[in-house]
Amino acid sequence: MLAQVVRCKPLRTVRAPLPRVLSTFAILRQAHVLQLHHRHLSTTLTLFLPRDRHPTHLHNLLTNKYGFCPSCEAPYLLALPICAECGNIGVLPPRVNYFDLFELEKDPRRGAFDLDEKILKQMYLGMQKICHPDAWSTKSEEERKRAEDISSILNTAYSTLLTPLSRAQYILSQKGIDLMETDSLGQDHSEFLAQVLETRELLEGPLNFQELEAIRTRNDDRATYTVERLSQLFREGNWEQAREDAITLRYWQGIEDAVKERLSE
Amino acid sequence: MFRAALRSSVRPIAGPSVPRVPAVAQVVKRAYHEKVINHYESPRNVGSLNKNDPNVGTGLVGAPACGDVMKLQIMVDDEGIIKDVKFKTFGCGSAIASSSFVTEHIKGLSLEQAGQVKNTEIAKELSLPPVKLHCSMLAEDAIRAAIRDYKTKRSKLTATGPIPEAQPEVAMA
């Protein structure tokens, strides 16, 4: 097993301080830089893994968690079926768990909801580089198509995990809890709905820029509070209440969209 | 951090929310029934009634999947006939069309008749596509909620004595 891992070198882990240009992101100081050389694409990928995920990634590599290339039997370096050695490209199942795909903690009780958006972005960009159309333009149509499909799944996965609302909805849907189409809020939520309606009505009326910003800030505060609550609820594994709070967040998002629409006028 | 996330240019992909402005253009392309477009472009009976008026019942409902909110108010006369209906809906085109249609439909009906309006009638009349059926359901829920509110108000009033004059509304946003 180890012999196969050795085959995937040059795999270097860099524990040195981060490049200066990145140090503006304070959060990245908490990350490890992992460089993977894609011989086939002649590129070196730089991935940023959260400090506590870094050993996991190495462990995943050593235990060949990602499986092997069916063509040359080299282990895959990431959760993508693209061989860094021979360039063989497989099919990524569309229902792959998005947290697994990006090397993120996937257990909501252990903070999957609280993911670091900057690290997510770095992983996303690194992985998109691997299946970028330019890298596959000289390949067969079949291979190009596969790379495109993987790229499209990555896009969906990224935008799903990026915002707290869609992330919460995704975690809930993985638990079999959906914000059902047919559900409606009624009497028990009248106070909340009145609050939403009041803000929406306010947004219909004449407002100057300052007033709009004030509404926006108030809405941001409410949304921040809801996200904090959601974080807590996910850690507790309180799915039903988390669903309620995700709905609340959906409404704050609606208000934010309405504010943006007004601002663009 | 969150502020940036909520304001991200990436629209949340979950939930079948339809952007309000482009909805009209898309509606034409997707061949929504012309009644939907008509109600969406020139909704009937938009507005508010005085919610403190003892003759007014207010229904407030929401569709969590879309983040829609719908307010429907009925004014009922002494014979139990719905004399006036007003609505305000913040949501997608189909939700607006459904509530607009419903206000026209229930005006002049008795409370009992209005309470029997089914979402299937609304959906059929507007030829809503299956993914938008919940909008008609929302409208049905709104009627029920308004009737319930009216009845609760009346039973409270009869319990406490003679019906007072309508109080002018103070803080109406």
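1. Helix axes are lines fitted to C-alpha atoms, and the angle between two of them runs from 0 to 180 degrees between N-to-C directions. With that convention, the note can turn to a helix pair in chain A of this predicted model. The axes of H4(A) and helix H6 (residues 141-162) of chain A come within 10 Å and cross at roughly 175 degrees. Since angles over 145 degrees count as roughly antiparallel, H4(A) is roughly antiparallel to H6(A).

2. Which residues make this contact? On the side of H4(A), they are A:Glu117, A:Leu120, A:Lys121, A:Tyr124, A:Met127 and A:Gln128. H6(A) contributes A:Ser151, A:Leu154, A:Asn155, A:Tyr158, A:Leu161 and A:Leu162. By residue class, the contact of H4(A) with H6(A) divides into seven nonpolar, three polar and two charged residues.

3. A search of the whole structure finds eight aromatic pairs over all chains. One of them joins A:Phe99 and A:Tyr170, with 6.0 Å from centre to centre and 40 degrees between the planes, a tilted arrangement. The pair links distant parts of the chain: A:Phe99 lies in helix H3 (residues 98-101) of chain A and A:Tyr170 in helix H7 (residues 164-174) of chain A, 71 residues apart. Are these two residues buried or exposed? A:Phe99 counts as buried because its relative accessibility is 1%. A:Tyr170 is likewise buried, at 9% relative accessibility.

4. A further aromatic pair involves A:Phe102 and A:Tyr124. Their ring centres are 6.4 Å apart and their planes stand at 70 degrees, so the pair is edge-to-face. This pair also links distant parts of the chain, 22 residues apart: A:Phe102 belongs to the loop between H3 and helix H4 (117-130) of chain A, and A:Tyr124 to helix H4 itself. Both A:Phe102 and A:Tyr124 are buried. A:Tyr124 is also among the residues of H4(A) that contact H6(A).

5. A:Tyr98, A:Phe99 and A:Tyr170 form one aromatic cluster.

6. Two arginines are placed over aromatic rings. The charged end of A:Arg167 sits over the ring of A:Phe113, 5.2 Å from the ring centre. A:Arg222 lies over the face of A:Trp252, at 4.4 Å from the centre of that ring.

7. With residues up to four places away in sequence left aside, A:Thr199 touches A:Ile215, A:Arg222 and A:Ile255. A:Thr199 is found in helix H8 (residues 190-204) of chain A. Its relative accessibility is 4%, and therefore A:Thr199 counts as buried.

8. B:Asn45 has a positive phi of about 55 degrees, although it is not a glycine. It lies in the loop between helix H3 (34-41) and strand E1 (56-63) of chain B. The relative accessible area of B:Asn45 is 18%; the cut-off for buried is under 20%, so B:Asn45 is buried.

9. B:Ser127 is located in the loop between helix H6 (119-126) and helix H7 (133-160) of chain B. Is B:Ser127 buried or partly exposed? With a relative accessible area of 36%, B:Ser127 is partly exposed.

How values were computed: Residues numbered from 1 in each chain as written. Chains lettered and ligands numbered in written order. Predicted model: local features only at pLDDT ≥ 70, side-chain atom pairs only at ≥ 80, totals over all residues. Heavy atoms only, no water. Phe/Tyr/Trp six-rings, centres within 6.5 Å; stacked < 30°, edge-to-face > 60°. Helix = DSSP H or I, 4+ residues; strand = E, 2+ residues; numbered from the N terminus. Buried < 20%, exposed > 50% of the residue type's maximum accessible area, 1.4 Å probe, protein only. Lys NZ or Arg CZ within 6 Å of the ring centre and 35° of its normal. Parallel < 35°, antiparallel > 145°, perpendicular 65-115°, else oblique. Contact = heavy atoms within 4.5 Å. Nonpolar A, V, L, I, M, F, W, Y, C, P; charged D, E, K, R; others polar.
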